[in-house]
Amino acid sequence: MNYEETLQYLSELGKFGSHLGLERIQGLLVELNHPERRFKTIHITGTNGKGSVAAFLSTILLSAGLKVGTYTSPHFVKYNERITVDGQDISDENFAALATEVAAAEKKFMAKGGTQPTQFEVLTAMCFLHFAKVKVDYGVIEVGMGGLWDSTNVIVPELSIITNVTLEHTEVLGKTVAAISEQKAGIIKPNVPVVTGAWDEALQVIKHKAEQTHSAVYAYGTQFEAGSPRFTAKEQTFTFKTDDNRQEFTIKLLGEHQLINAALATMAAWLLCSQEKTITVEAIRKGLYNTKWPGRLEIIADEPTVILDGAHNPSGITVLRKALDKYYLKGKRFFVFGMMKDKDIKQVVGILFRPTDKIFTVPADAGPRAASPELLAEAIGPQAEIRHDITAAYQEALAQATPEDTVIVCGSLYLVGSFKALEQKG
C-alpha cells in the first residue's frame, strides 16, 4: 500500500468501531513475532494528562541520550503524529510500509479464525512494529481508553503511570469513579512500580490492585509533590519534593495541572535512574523545560492572545477555566467553541463561560459525533452566535478582539485538529 491507500485502509477499519479486548491485538502480535517485547516501555493511563505526561517523560529520556518512541492518541491532522521517534513523526513512507505489513498479519490472523481487528488495534500493532524495527530504548505508550482491556495492555512495562481518574466514557468503562479506576488500574503488572496523581476513592482502588500485584505505589501528595510554584505568562517554576530530595525545575507548559503532570514524569524518571545512569538531574531539568505539547493551552499568537485547547470533559474544562482566570484576567474573551454531542455539554458550558464572554459555536468536525452549532448555542444561551465555518468564526473573533483580549479555540481535540489543518492550508 502507498500512503493514500493506507489512509483508505484505516478509514475502512474505522467503520468497525471500538471494541475493548486483547484477543485481536494478541493475535496480530503473534503473527508479527511479538515486536512489543523487543524494547522497554512505560505505560500511561488516566482521565486527563496522559499526553502531557508522555511528552514530559519522552523529552526527559531524549535529553538523557536515549532513543525514545512515543505513542499517543488521537492525532490533530495526520495519523503519523501518533507514532514518533525522538520527537519526529513517522514518515508517510514508513507509515504505509508498516500498515502493509500489519495488514498481511491481519489476513493470516483472520484466516486462522480470528475476528476483525479495530483501527486502533492495527495502529497499535504498527507502533510496536516500528519501535522494534528502529530499536528504540524506550517506548512511552499512552492507553487509548481505560486500561485493562485496551489494546496497549499487552506490554510489561518498566513502570506504570496513572495520572488521575474522574468520570469518562461511562458507557464503556463504568458509571462510577471506582469502576473506572478498576479499568485504569488494569495496567498495573506484578512487581512493576506505579506512579499516580489519583486521589481519594480512585487512589484506594489503585493501591488495592498494587497490593495484589506486589507493586510499589508512588502517589502525588504523599511520596512526592510539586511545591512552591511561581509563574509568569510564559513559564512555571516548581520544587520537586520527595522525602529525601528537593530540586527546582521550570516548564513552559501553563496551568496548575501541568505542575502535577511534570511531577509525575519527574517521579517516573527518578525511578528509572537506577537502571539508566544517563538520567541525571540535569537531563530531567533540560527535558522538562524543552517539553512541548500542542493543543493544551497552546499559545499561537499574541495581541490578541490566541489559545488552542482540546479539553473536552468537565475535569479538563475546569483546568482550562482556572488557567484563563489565572493568566488572562485582562480584556474580553472570545471563544470559537465546538464539542462532540456525546460529551457532557451542559456541565462543560456551566464551567467554562462567564456572562461577559462572546462565543461562536461551530461544528467540531464533519462527522456524526459532532454537536451542531445550534445545539451548543441552545445550551449556552443568548451570548452564543451560531457559525458553521470554523475559519470564518475565528476571523470574526480576531476582528472583534483588541490586543488585550483573548481568543480561545476549544471544546474538542477534533476541533483543534480541524483548526490546525485549516491553518496549514491557509
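Residues are numbered from 1 along each chain as its sequence is written, and side-chain values use heavy atoms, with hydrogens and water left out. As the model is predicted, local features require pLDDT of at least 70 and side-chain atom pairs count only at pLDDT 80 or more, whereas totals for chains, interfaces and linings use all residues.

An open sheet is formed by 8 strands in the order β4-β3-β2-β5-β1-β6-β7-β8, with mixed pairing. Helices (H or I, at least four residues) and strands (E, at least two) are DSSP runs numbered from the N terminus, and two strands pair if DSSP finds at least two bridges between them. At the edges lie β4 (88-89) and β8 (217-219), each of which pairs on one side only. Strands β2 (residues 68-71) and β5 (residues 138-142) run parallel and are joined by 4 bridges; valine 68 stands opposite tyrosine 138 of β5.

A further open sheet comprises 3 strands in the order β9-β10-β11, paired antiparallel. Its edge strands are β9 (224-231) and β11 (245-251), and the twist averages 25° from one strand to the next. Between β9 and β10 (residues 236-242) there are 6 bridges, and glycine 227 has threonine 239 in β10 as its bridge partner. Helix α9 (residues 256-272) packs on this sheet and touches β9, β10 and β11, its direction making about 45° with that of β10. Contact denotes heavy atoms within 4.5 Å; axes are lines fitted to C-alpha atoms, for helices over the stretch in contact, and angles run from 0 to 180 degrees between N-to-C directions.

Helices α2 (residues 23-31) and α5 (residues 119-134) pack at about 35°, with axes 10 Å apart. The contact involves Arg24, Ile25, Leu28 and Leu29 of α2 together with Glu121, Val122, Thr124, Ala125 and Phe128 of α5.

The second largest pocket has a volume of about 680 Å³. A pocket is an open set of points, on a 1 Å grid over the protein atoms alone, where a 1.4 Å probe fits, with protein on both sides within 12 Å along at least five of seven lines; lining residues have an atom within 4 Å of a point. Grid points are joined across faces, edges and corners, and the volume is the space filled by probe spheres set on them. Of its 30 lining residues, Thr84, Gly87, Asp89, Trp293 and Pro294 are the closest to the centre. Helix α3 supplies the largest share of this lining, 7 residues.
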